[in-house]
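Here's a quick briefing for anyone meeting this structure for the first time. Have a look at it, then read on.

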2 protein chains.
Amino acid sequence: MKDNILYENFSLENYSDEERQLILSSFKKINFKKGEFLLKEGQKANAYWMVQEGFVRSYLIDFEGNDVSTYFYSPPDVVIDWPSFFMHTPTKEYIQALTDCVCWELDFETFQQLFHSIEEFRERGRARLVKSYFDLKRHSTSLITDQAKERYLRLVEEKPEIIQNVSLKHIASYLGMKAPSLSRIRKEMSGGNS
Amino acid sequence: MKDNILYENFSLENYSDEERQLILSSFKKINFKKGEFLLKEGQKANAYWMVQEGFVRSYLIDFEGNDVSTYFYSPPDVVIDWPSFFMHTPTKEYIQALTDCVCWELDFETFQQLFHSIEEFRERGRARLVKSYFDLKRHSTSLITDQAKERYLRLVEEKPEIIQNVSLKHIASYLGMKAPSLSRIRKEMSGGNS
DNA sequence: TGCATTTGTTAACATAGGACAAGTGAATAT
DNA sequence: ATATTCACTTGTCCTATGTTAACAAATGCA
């Protein structure tokens, strides 16, 4: 049971037996097939997910019809559309399984209960929101100040599993460049080695 | 008193007399001189501000030492560093008055009280966070998919008062371009008119 | 198995925007 | 009034990245 990412994400060792049980029983195991949508534009997010296995991508379609990846999720990430989940507003994004996935789902109702009854749960939730807000700002700044290659290197550094498991075109749009550019960067890097 | 932006930001007409009084008396009027910092990197935000008069800029200094503007605030905007305010973590940004400013300040303690006692206040707060999160994502997407000129046009559309009151170089860094580029874009636009 | 589709690579060429530097004008200080 | 500074403009040149397109490789599907 220790390989359950809920343990990792909540440091469940530190909770009382009662609280640990409450949390574990609140999440529902759910599988997504490759290509399946966790959420589609226009829908309201009434749940969030913790990724136990597999890879997930969120993206949006902009005015010109471009598909822009906004994030990649891998274990033990939390897949959540903050605006939609908290404000019950329709989401602007698509969230799709890139591979078959195993996730733990928590619906909004149950979330509320945990949030109100467990201090530590509340703290973790806030911390996640804040981190995700900050990461977003950092990515945005990186798009402004860093060169394409630097942005790629940073991703390699921070989320190497993404590089291995997500298609080049998706990574390229996330990094704000076109596929041929990313391809060139990769070539250059491997070439520089030999 | 109706020219007080607190009325506008909270739609205070809709509150009970008691609540309205509570809110009005919770905010403290405070002036900032041009160039003064509302917040500096490393500090913890234990307050936020509503801008009654003047202009404010938030920015950060990246690894290479670049000054990157992250937002511009004008009446009746709310100046808040979400991560720092809610998590009591040191902020990564500078927030500085671009002109002499008149603001309404709310400290964290008092915020907590209002947040717990007034349902509508809570809702507004959440809505703001969500909107600011979404705006950030949209800006980030715009950096990826839009050309420099389009990004500028969008800002003209959405916050024309910024164009009028903020220096070119700051706007340029916010839009992810260099000052000469922005200058050329402006020229091209006015030139296209004559 | 083999065809079809998607994905990645590569190359030739085009271009937006950066780098740098000189010049202008307005604002503030002496 | 003159100097100094700052903010912006403008020119030239240059490079990173986009565009397009042809091809190759991998994957999915019949």
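Is the crossing of α5(A) and α5(B) left-handed or right-handed? The crossing of these two helices is left-handed, a term used when the near helix is turned anticlockwise from the far one by less than a right angle (clockwise would be right-handed). Bear in mind that this is a predicted model, where local features need pLDDT of at least 70 and side-chain atom pairs count only at pLDDT 80 or more, while totals for chains, interfaces and linings use all residues. Residues are numbered from 1 along each chain as its sequence is written, with chains lettered from A and ligands numbered from 1 in the order in which they are written. Helices (H or I, at least four residues) and strands (E, at least two) are DSSP runs, numbered from the N terminus.

**Where the two α5 helices meet**

- Helix α5 of chain A (residues 119–145) packs against α5(B) at about 25 degrees, and the axes are 10 Å apart; axes are lines fitted to C-alpha atoms, for helices over the stretch in contact, and angles run from 0 to 180 degrees between N-to-C directions.
- That angle makes α5(A) roughly parallel to α5(B), because angles under 35 degrees count as roughly parallel.
- On the α5(A) side, the contact includes A:Tyr133, A:Leu136 and A:His139, and on the α5(B) side it includes B:Tyr133, B:Leu136 and B:His139.
- By class, the residues of this contact are eight nonpolar, four polar and two charged (Ala, Val, Leu, Ile, Met, Phe, Trp, Tyr, Cys and Pro count as nonpolar, Asp, Glu, Lys and Arg as charged, and the others, Gly among them, as polar).

**Chain B against chain A**

- Here 25 residues of chain B are in contact with 25 residues of chain A, contact meaning C-beta atoms, placed from the backbone, within 7 Å.
- On chain B's side, α5(B) gives the most, with 13 residues.

**Around DNA strand D**

- There are 16 residues around DNA strand D, and among those that come nearest are A:Ala148 and B:Leu168; a residue is near if its C-beta atom, placed from the backbone, lies within 6 Å.
- The largest share of this surface comes from α9(B), with six residues.

**The sheet in chain B**

- Four strands of chain B make an open antiparallel sheet in the order β1-β8-β3-β6; strands pair if DSSP finds at least two bridges between them.
- β1(B) and β8(B) are joined by five bridges, and B:Lys29 has B:Trp104 as its bridge partner in β8(B).

Conventions: Two residues are in contact if their C-beta atoms, placed from the backbone, lie within 7 Å. Angles under 35 degrees count as roughly parallel, over 145 as roughly antiparallel, 65 to 115 as roughly perpendicular and the rest as oblique.
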